[in-house]
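Here are some notes for a colleague who is opening this structure for the first time. Please keep it on screen while reading the points in order.

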Amino acid sequence: MLPLGLLVSGEQAEIMEIKGCKGAHSLDLEKERPGDEQGRIEDMGIRVGKSVQMLNNGGRGPLLLKVDESRIAMGRGMAMKIMVRRKG
Amino acid sequence: MSTMTEERLQGSSRAALRAEKKAITVGVAGNPNSGKSTIINAIAGTRLHVGNWPGVTVEKKSAIFEYGGRKIRIVDLPGTYSLSPYTQEEIIARDYLIHEKPDVILNVVDATNLERNLYLTVQVMELGIPTVVALNIYDEAEKRGHTINRRVMEDMLGVKVIPTVATKKIGLDDLLKSLLEVAENPSAHCPKHLNYGDDIESAAKMLETQIGLTPLAEKYPPRWLAFKLMEGDSQVSGEIKPDDSGLSVSKAVGHLKTAHDSDIESIMADARYAQAFGLTREVLQKTESGNIELTERIDRIVLNRVLGIPIFLAAMWFVFKLTFDVSKPFADWMSAMTAGPFKGWAEAILGLIRAPGWTVSLVTDGVMAGVGSVLVFVPVIFAMMFFITFLEGSGYMARAAFVMDRAMHTIGLHGKSFIPMLLGFGCNVPAIYATRTLENPKDKALTALLVPLMSCGARLPVYVVFIGAFFSAHAGTVLWSLYVMGIVLAIIVGICFKKTLFKGEAPMFIMELPPYRRPSFKSLMIHTWEKGKHFLIKAGTYILAVSILIWFLLNLPWGVENKKDSYLGKVGQIIAPVLEPIGFGNWEAASSLISGVIAKEIVVGTMGEIYVAKPEDEKKNPSTFSEDLKEVGTSFVHAAEDSAANVFSTVGISSLSSKEDEKRAGLKAVIQKTYTPLSAYAFVAFVLLYMPCVVVAIAMRQEFGTWKWFGIAFVYQMTLAWGVAFLIYHGGKLLGIGG
Ligand SMILES: Nc1nc2c(ncn2[C@@H]2O[C@H](COP(=O)(O)OP(=O)(O)OP(=O)(O)O)[C@@H](O)[C@H]2O)c(=O)[nH]1
Ligand SMILES: [Mg+2]
């Protein structure tokens, strides 16, 4: 297993675990920032068991994934919290 | 289908309307960028904002039309990936579906991405409201070799499924027929209860029965409410306080929790996802096409780590160069016309009706000089709006966010914040509203604070006058430099704010990049017009009013000889010393800048009024009306030719700079006398930065419910504007450029 953020462009992998913070999110300006990162990315179709293909990973900055038929741009921080297993 | 009205929907008016005319209310829900607004535009004849990136619609908008003898009120909603909202605009969508209970839900599904879209469909079905599914963007799905068995899908969901291609108006008639059919006979088209597994179902049953005994059953869809209570949805629990209502949630979910050893929210999400997955497997057939999509090939270049930002900047440069070159001949034409024939006609008409002398001056020196100076720039503004529309329609918008993500991280924001900023190039007001798509409220506030640094269309007239007077050889580049200055300063200011007001780590960035699409010519035209028209309306309304006001302020006390001694002149003289150190300490500049607070294009309007009455040297021979008319026509044709020629002469000096100067002395000539290239550049930089206009102030107030953020914007922008102008003016002088 390795973090998604370490895949090289072109590689395919399967998502094994999503470690992003989970919790209640709030939309109130005075409160702390919303925490439910995991729920958000799962809603966008990035879930355990899904195959992903790394389309663009420049080594720094955001990266671009292909999940099913959609291209999803993701910050590097988040991508390091998603564990994947390389596919042949 | 005929008339439509757009307004924000209000509960009371909706109820009244339904009682009277029995309009069918259709709520349109779906993933972002699935084509909801496009469908509504196609069936109701509206011109809702459409763009090829997620998060275009941030407000609910409704339209009324007639079909098959029934009135239909269709409500466009912001796109959402699920019914657990993360952003403000998603809350708007969810709240509408839950609280306003439309008669029918039109669930727009992006057929190219079935599984993820069905995840929302599954949740929509929980609401128990009669639903019709539109399989939109079916053309692209077919092109990719996907076929969807709609019959099977209809059986499995228990609702009608209609393939559509909104952009080509295919399938829309079927869709409308189905909507009517469902509205006539709602009970036959209620979505099936999908089975989420025994554990979940029995817990939900228990809660549903309890809910049925309380008044809550009236207010909320019971099955949905049961699920939300089980999940412990913070918003729902906040709204209804389950303990007060005598609902024993913990008892209901007790077994579920022990059996699955996980939190209920994930169990539910998995159950829903399993449904979406199962459905997709049953109905979707793919023939793998193997070849790499065009979108991916373009992205390899455009999103390249090294090339990304240079490509973005080059694209911007190209846009500004084209904006300037294409629109300039028309702008020159309009300016010659308003100063020449149009003015002559107004004078003639007023003379005919024997209007008193001062009204002639009010109309020609006030209204025509003021509004005219602004109208002159309508072509420029429209050209700019055209390019922004193209940017939005092509799909590059979301790429710009990707490319700028790293730069935005330095200010504690992420790439998505760059989209409101780019929209700000059109007009800052919708840009402020576009901040709703940001997950984090602090991001939203910081982004809104930086939006006014993005140079909006209203500032273009000022630039064009000054650039035309001093830098016409490098117009495109100088114009571009101002926009880039805005972005760079936004980053610097952002860093300062991050260190003071908005401490904390950068939030996560996640965003879908749509495929590139070629916007149709017609839709480009429509949306360019929609963006540009408010500048016209503005010119006809409050710029007109301000022009008249300014005329009075320039002519009071009555009969004042020198404009310097008028009320406006006196105020200008008081302010002028403040502007002295930054290169334009004259009362004319000061007065214009004050009036520009209402709207920045008024700066040139006021200058037009101030400088107009300087006696002209040449006395024109009176020309006849028909001569005038001919002149208007032929010069317009020349303008069109020049504009077309400019498109092809991409680089280098435009062909027309030589002949324009002789004719229109006016504003440009006075400016050339009053300013140096250096002070002119300092002046436009000042106009770029000095403060958000009144409408932006109101928008900020509305979005945040307090004047606080506007106050901060006001203070920092004034300081910044003065500081930057000072640096430009004195820095330039030290270096010995353009002094
Ligand atoms: N090829 C194709 N493109 C479509 C179709 N319907 C919509 N589009 C395009 O999809 C993009 C998104 O359309 P919108 O109507 O703005 O989508 P929306 O669902 O309102 O998006 P949000 O407001 O962001 O939630 C636009 O570029 C449309 O031109 C279709 O049937 N076929
Ligand atoms: Mg929309």
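1. How many residues does the contact take from chain B, and how many from chain A? The contact takes 52 residues from chain B and 38 residues from chain A, where contact means heavy atoms within 4.5 Å. This is a predicted model, in which local features need pLDDT of at least 70 and side-chain atom pairs count only at pLDDT 80 or more, while totals for chains, interfaces and linings use all residues. Residues are numbered from 1 along each chain as its sequence is written, chains are lettered from A and ligands numbered from 1 in the order in which they are written, and side-chain values use heavy atoms, with hydrogens and water left out.

2. The size of an interface is often given as the accessible area lost when the parts come together. Here chain B and chain A bury about 4,000 Å² between them, with 54% of it on carbon and sulfur atoms; buried area is the accessible area (1.4 Å probe) that two parts lose on being put together, summed over both. On the side of chain B, the residues that lose the most area to chain A are B:Tyr86, B:Met508 and B:Ile510, which together make up 18% of what that side buries.

3. Seven salt bridges are found across the interface of chain B and chain A, a salt bridge being a side-chain nitrogen of Lys or Arg within 4 Å of a carboxyl oxygen of Asp or Glu. A salt bridge joins the side chains of B:Asp270 and A:Arg47, at 2.9 Å from N to O.

4. Several elements of chain B give two or more residues to the side that touches chain A, among them helix H3 (88-100), helix H13 (264-283) and strand E9 (510-513); helices (H or I, at least four residues) and strands (E, at least two) are DSSP runs, numbered from the N terminus. The largest share of that side, five residues, comes from H13(B).

5. Most residues other than glycine have a negative phi. B:Lys101, however, has a positive phi near 35°; B:Lys101 lies in the loop between H3 and strand E4 (104-110) of chain B and is partly exposed, with a relative accessible area of 28%. B:Lys169 likewise has a positive phi, about 60°, and is placed in the loop between strand E7 (160-163) and helix H7 (172-184) of chain B, where B:Lys169 counts as exposed at 51% relative accessibility. The cut-offs are under 20% relative accessible area for buried, over 50% for exposed, and partly exposed in between (1.4 Å probe, protein chains only).
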